[in-house]
Amino acid sequence: MEIEGRDFINTSPLKTVRFGGNVVATLAKFKQGDTSDYELLKHQLADPDIKDAQIINWLQEFRNCVTQLSKDHEQLIYVALRLPWLGRSPAVVEEYLAFLSNLVSAQTVYLRACLKMVVSNFTPKRVKICEGGVDISDSDDDDERKLSTLLKSLKSEDDKRGDLPRNFDQCHQALQLISRYVPSTSRFLMPILIENFPFVQKSSRTLECYVHNLLRVAVYIPSLRRDVLELIISRMLKLDVSAPRGEIEEVEENAVQQEMKGEEEGLFDMDEDVCSVKSSPEGTNVMVHPVAERLDTLMVVLLAFIKDMCHVNGCLDVERTKDLYKDLVCVFDKLILPTHASCHVQYALFYLCSFRLALAEAFLEHLWKLLQSLSHPAVLRQSAAGYMGSFLARANFLPVATVRACLDLLVPWLHLYIDSQDSGSRAYCDITLHGPFYNACQAVFYTLLFRHRNILEGDMKKGLAYLQGLNLERIVMCQLNPLKVCLPAVTNMFAAITRKYQLVFCYTIIERNNRHVLPVVRSSVGGDCVSTNTNPLDSFFPFDPYVLKRSSKLIEPLYQVWEEPADTEVDTVTTKRVRQCSDADEDDFLRGETPETKGVMGMTPGSYESHLHSPSSVGSPPIAFLQRPF
């Protein structure tokens with residue numbers, strides 16, 4: 001049926017029908033006790049098929065009487081805030097933003113509701129498909145294969161993923177307007193951001209979108225940046241400690257073996273669908289381990305944010321970099337340093353320090369102050385020593401001069417500690433009494449394993465004189481006996497290298513220690529050990545090999561891999577362990593030595609109070625991070 005050339009059945013009416021009076025009249029009737037039009041208004045606003053013209057008309061009327069929208073009309077405002085404005089025509093978006101501005105200016109009682117509405121749109125809406133009679137949601141990760149099927153179906157729809165950046169841009173436009181009209185926005189916003197953070201078991205896509213939007217907020221409200229980083233890193237640490245490096249490697253290796261086995265069995269399989277899946281390049285960088293996949297996705301976002309915040313037009317902005325470094329170090333002290341056995345999150349600071357030598361030296365100086373500070377708990381001092389040794393060994397952007405400068409701090413401190421204990425009643429091997437000392441010893445040994453070549457190359461005579469001047473023999477031979485508690489892989493390799501250059505002869509002490517079974521010791525895992533503990537310090541090396549696939553592309557160029565000295569005779573056990581590793585796994589001679597610890601050592605804060613700072617102006621300069629696709 002056509003009327004005046006228009007398809008009447010298949011097109012919307014030219015003018016929408018509206019019932020009841022205008023908003024002003026409805027509010028007046030409500031005040032007098034007549035709620036019929038008031039309920040009708042709420043019903044029309046909640047109509048899922050509401051048209052753009054209707055939304056604009058309603059919002060204009062709300063703006064005209066915004067001073068009358070007191071707390072008595074809370075339910076009506078909540079319905080109005082839920083209007084589907086995202087993705088609508090520019091006229092609807094513009095009118096809705098104007099309504100928000102007027103509302104928070106005239107009725108600050110609705111500030112929280114407005115902020116919650118915006119933040120609730122920081123993640124994609126849940127989309128469900130039916131597969132085999134079972135509903136699957138893109139927000140659940142119980143079955144990664146089902147999730148991948150869902151995401152493929154989403155891509156085939158009307159470019160729904162392409163709508164996300166536009167919707168997110170409109171959300172941030174709304175937040176910036178609100179922060180302009182209400183200077184105390186940051187005070188109310190941070191608790192809402194914490195409350196709405198998705199559960200860490202949600203899909204990688206959901207977590208990626210939310211974290212990306214949090215970091216965008218940190219750009220135009222810089223007073224929230226430290227709190228935002230703290231929130232993000234705390235959630236990432238939960239993922240990190242629940243996915244030990246050894247477990248990730250085992251799962252990924254098993255997946256590769258299964259794939260190779262499947263390829264062999266299906267060598268003559270001519271099924272087109274199977275071939276297309278196997279040859280797809282999209283899956284090459286996807287982690288099979290579900291937790292590792294989520295963590296890898298978030299690390300990519302975080303490292304991209306760090307890079308873009310520190311660079312302007314491709315050049316390093318020193319002041320912005322220093323500000324971000326200060327925020328990250330504060331988060332490091334509060335969350336990362338007390339967390340035992342985290343494998344990847346700490347690489348955010350590792351990556352930032354690679355931008356400028358002064359940053360790396362400032363980080364080392366910070367760790368050094370923590371190590372020698374008696375006001376800090378021993379467990380944090382021990383962790384600082386582990387970070388210092390691991391950073392010196394693994395950061396290939398550190399020049400040998402910086403390494404030597406740190407050794408010139410650590411080694412004299414060890415000698416002074418020995419001097420202070422030799423004449424006392426505690427001059428015996430005890431981890432609980434001398435934990436920071438033993439971790440500092442292990443940091444020195446570990447650093448020399450990786451850096452002795454750099455120290456000796458160029459001028460062997462001067463390099464040997466420097467190493468001899470460290471007087472390592474006194475440290476090894478002292479009554480505190482550090483070789484007894486350091487990791488066997490470290491002590492064996494250190495003994496081999498120092499014997500080669502005739503610095504120290506450690507094997508007599510190692511053999512004597514091996515004849516004495518270590519007593520039962522404490523462990524962060526809990527309980528008592530009934531067998532000999534090969535890691536009595538309960539230590540770990542924070543910058544051991546990075547195994548996440550996509551984010552590793554930024555870390556690998558900065559990373560010093562382990563290169564075993566070919567002409568050094570090593571203890572038989574250590575040699576056997578190294579040879580058992582495949583060529584891809586030979587990076588770390590400690591592989592298999594350091595026990596994986598599931599859990600967090602120390603206190604991880606459960607609450608995050610925002611700082612009472614005014615937000616920055618809306619006109620903050622855009623950075624490349626804001627334009628990254630999802």
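## Inside a predicted helical model

The largest nonpolar core in this predicted model holds 176 residues, and those with the most contacts inside it are F62, L81, L193, I306, F391 and F445.

Trainee: Glad to start there! Which residues does L193 touch, leaving aside its neighbours within four places in sequence?

Mentor: L193 is among the residues with the most contacts inside the largest nonpolar core. In general, nonpolar side chains tend to be buried together in soluble globular proteins. Beyond its sequence neighbours, L193 is in contact with V119, F122, Y210, L214, V228 and L231.

Trainee: Is helix α14 largely enclosed or open?

Mentor: Helix α14 spans residues 290-310 and reaches 31 Å from its first C-alpha to its last, close to the 30 Å expected. Buried means under 20% relative accessible area. Of the 21 residues of α14, 18 are buried, so the helix is largely enclosed by the rest of the structure.

Trainee: Now a loop residue: is V182 buried or exposed?

Mentor: V182 is found in the loop between α8 (160-181) and α9 (185-195). Leaving aside neighbours within four places in sequence, V182 is in contact with V104 and L111. The C-alpha atoms of V182 and S105 are separated by 7.1 Å, although these residues are 77 apart along the chain. With a relative accessible area of 7%, V182 is buried.

Trainee: How many disulfides are there?

Mentor: The cysteines C310 and C506 are both worth a look, as each is buried at 0% relative accessibility. A disulfide needs a pair of cysteine sulfur atoms within 2.5 Å. By this rule the count is zero.

Trainee: A341 has a positive phi, near 70 degrees; is A341 buried or exposed?

Mentor: A341 is a residue other than glycine, and it is found in the loop between α15 (318-336) and α16 (347-353). Its relative accessible area is 10%, and under 20% counts as buried. A341 is therefore buried.

Trainee: And what is the relative accessible area of N471?

Mentor: N471 is in the loop between α21 (460-469) and α22 (472-477). Its phi is near 55 degrees, a positive value in a residue other than glycine. N471 is partly exposed, with a relative accessible area of 36%.

Terms used. Residues numbered from 1 in each chain as written. Predicted model: local features only at pLDDT ≥ 70, side-chain atom pairs only at ≥ 80, totals over all residues. Heavy atoms only, no water. Helix = DSSP H or I, 4+ residues; strand = E, 2+ residues; numbered from the N terminus. Expected span 1.5 Å × (residues − 1). Buried < 20%, exposed > 50% of the residue type's maximum accessible area, 1.4 Å probe, protein only. Core = buried A, V, L, I, M, F, W, Y, C linked by side-chain atoms within 4.5 Å. Contact = heavy atoms within 4.5 Å.
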